[in-house]
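User: I have a model open and want to go through a few local details. Can you take my questions one at a time?
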Amino acid sequence: MATKSLKAKGNDLAVSNKQLEILNGGIFADGELPYFKDKIADIGHFPLRPKKLEILQINVGYMCNQVCEHCHVDAGPDRKEIMTRETMQQCLEVIKNTGAHTLDLTGGAPEMNPDFEWFVEEAAKAGIKDFIVRSNLTIIRANKKYYHLPDFFKKHNVHVISSMPHYTRGKTDKQRGDGVFDKSIKALQELNERGYGMPDSDLKLDLVYNPSGAYLPGDQAAMEKDFKKALKEDFNIDFHNLFAITNLPIARFLDYLIASENYEDYMYALVEAYNPSAVANVMCTNTISISWDGWLYDCDFNQMLDLKVASKVKHIKDYNEDILNDRNIIISQHCYGCTAGAGSSCQGTVA
Amino acid sequence: MANTYYDPADLRKFGKITEWSEELGTKFFDYYGKVFEEGALSAREKSLIALAVSHVVKCPYCIDAYTKDGLQKGITKEEMMEAVHVGAAIEGGATLVHGVQMMNKYNKLSM
């Protein structure tokens, strides 16, 4: 398990240019493996263009109470980047004037932003239909000041999407830290007590599964069945959907792949699993990702690689949907991760 | 690096066997794919059987492939090791059960 962010450790990979150098060079440099750009050109999807905007994904800060082994954000307690209320207000202006129906809050632990609750309340007034918080679960039990969060979520009908690497303690704690499994179970039970995740409940509780290592996620439906059975039998926990998400070779996961000498095999696995039918629905086609400091990106992964949108409109303060939608989506070799197998997005499979 | 009989990177080339015998290779992969589809047994159960057999036939490529496949399917290391023990028990039992033949022969030849 990681104990500090790459940034705090002064690791070379804390710099996005270094990551891009590895992704675009290395095993791809000799032409042995194809470029993602060529792959999608073969099926008429290059340049990749956005469709109607449906989801605004906002990263409200990189601060987190956990330091997960696979984190592509490189989040952790030492990360101080945090979205200000002023930037949140700029986001709210956009929310009022856009057709996006979903607001997807990420971090770090989004709940650690001091203006998190204010933002949730204001965004609800702005007419968002699906308000998602990507909660790591343990934050609900991390400190007394967060104990009320399940009630707060319920009051505002927040859609909770929570990370849960596995239904066993060993695998979860190895990826996310000692004690994370027990705290996550407790948090899920608390959410269940308030009606979250129950079969007929409108209080949506979904789980996210990321593989704990250098392999791709298995079949999402089969995994969901296994998770539901185990969590119900062992802890009487209910939830709605399981989203199986492929780990992309970015930040700490890239560092892990290189250190464990799995990078080459993993990239081959991603390329071999390339599924052309996943391309049309990759999440960057209907999502805009906004960073803590208001910059716009095609997706959360491009945000971490500091690949800002290829548009005159690059910041939330200058937001103009027509101009922004007339752009080419920036792609690179990490995009193989979103088109592997059944495809991968923050909402699970796409093919 | 010293040459060895087994190179892990060769596993990626498995599909290339069709290049030297397309008809038979294709028939094999069609069959192989069909075998591992969800059926009366789940894909998860089949993966564990494949892992146990991989050890019994001592195929390093298969062990790598089905360890990874098990991880992808969310199978735990405890489940994987139990499967290996099932293979080992059958393999050991197959050796030991021939001990009956040895005992029969011994008894027949002894006064």
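User: Ile128(A): buried or exposed?
Analyst: This is a predicted model. In it, Ile128(A) counts as buried, because its relative accessibility is 11% and the cut-off for buried is under 20%.
User: Where is Ile128(A) found in chain A?
Analyst: Ile128(A) sits in the loop between helix H5 (116-125) and strand S3 (130-135) of chain A.
User: And which residues is Ile128(A) in contact with, leaving aside neighbours within four places in sequence?
Analyst: Those contacts are Ile95(A), Ala100(A), His101(A), Thr102(A), Leu103(A) and Ala123(A). For Leu103(A), 25 residues away along the chain, the C-alpha atom is 6.7 Å from that of Ile128(A).
User: Switching to rings. How many aromatic pairs over all chains?
Analyst: The count comes to 18. One of the pairs is Phe36(A) with Tyr336(A), which is edge-to-face, at 5.2 Å centre to centre and 80° between the planes.
User: Which parts of chain A does that pair tie together?
Analyst: Phe36(A) belongs to helix H3 (residues 36-42) and Tyr336(A) to the segment after helix H15 (321-325), so the pair links parts that are 300 residues apart in sequence. Both Phe36(A) and Tyr336(A) are buried.
User: What about Tyr274(A) and Tyr336(A)?
Analyst: Their ring centres are 6.2 Å apart and their planes are at 85°, so this pair is edge-to-face. Tyr274(A) lies in the loop between helix H12 (263-272) and helix H13 (276-279), and Tyr336(A) in the segment after H15, so the pair ties together parts 62 residues apart in sequence.
User: What relative accessibility does Tyr274(A) have, and what is the relative accessible area of Tyr336(A)?
Analyst: Tyr274(A) is at 12%, so it counts as buried. Tyr336(A) has 0% and is buried.
User: Which residues of chain B do ring pairs link into a cluster?
Analyst: The cluster consists of Phe14(B), Phe28(B), Phe29(B), Tyr32(B), Phe36(B) and Tyr66(B).
User: Last topic, helices. At roughly what angle do H2 and H4 of chain B cross?
Analyst: Roughly 50°, with the axes of H2 (residues 43-56) and H4 (residues 77-109) coming within 8 Å. H2(B) and H4(B) are therefore oblique to each other, and their crossing is right-handed.
User: Which residues make the contact?
Analyst: H2(B) contributes Arg44(B), Leu48(B), Leu51(B), Ala52(B), His55(B) and Val56(B). From H4(B) come Glu79(B), Met80(B), Ala83(B), Val84(B), Gly87(B) and Glu91(B).
User: How do the residues of that contact divide into nonpolar, polar and charged?
Analyst: Between H2(B) and H4(B) there are seven nonpolar, two polar and three charged residues.

Note on methods. Residues numbered from 1 in each chain as written. Chains lettered and ligands numbered in written order. Predicted model: local features only at pLDDT ≥ 70, side-chain atom pairs only at ≥ 80, totals over all residues. Heavy atoms only, no water. Axes fitted to C-alpha atoms, helices over the stretch in contact; angles between N-to-C directions. Helix = DSSP H or I, 4+ residues; strand = E, 2+ residues; numbered from the N terminus. Parallel < 35°, antiparallel > 145°, perpendicular 65-115°, else oblique. Left-handed = near helix turned anticlockwise from the far one by under 90°. Contact = heavy atoms within 4.5 Å. Nonpolar A, V, L, I, M, F, W, Y, C, P; charged D, E, K, R; others polar. Phe/Tyr/Trp six-rings, centres within 6.5 Å; stacked < 30°, edge-to-face > 60°. Buried < 20%, exposed > 50% of the residue type's maximum accessible area, 1.4 Å probe, protein only.
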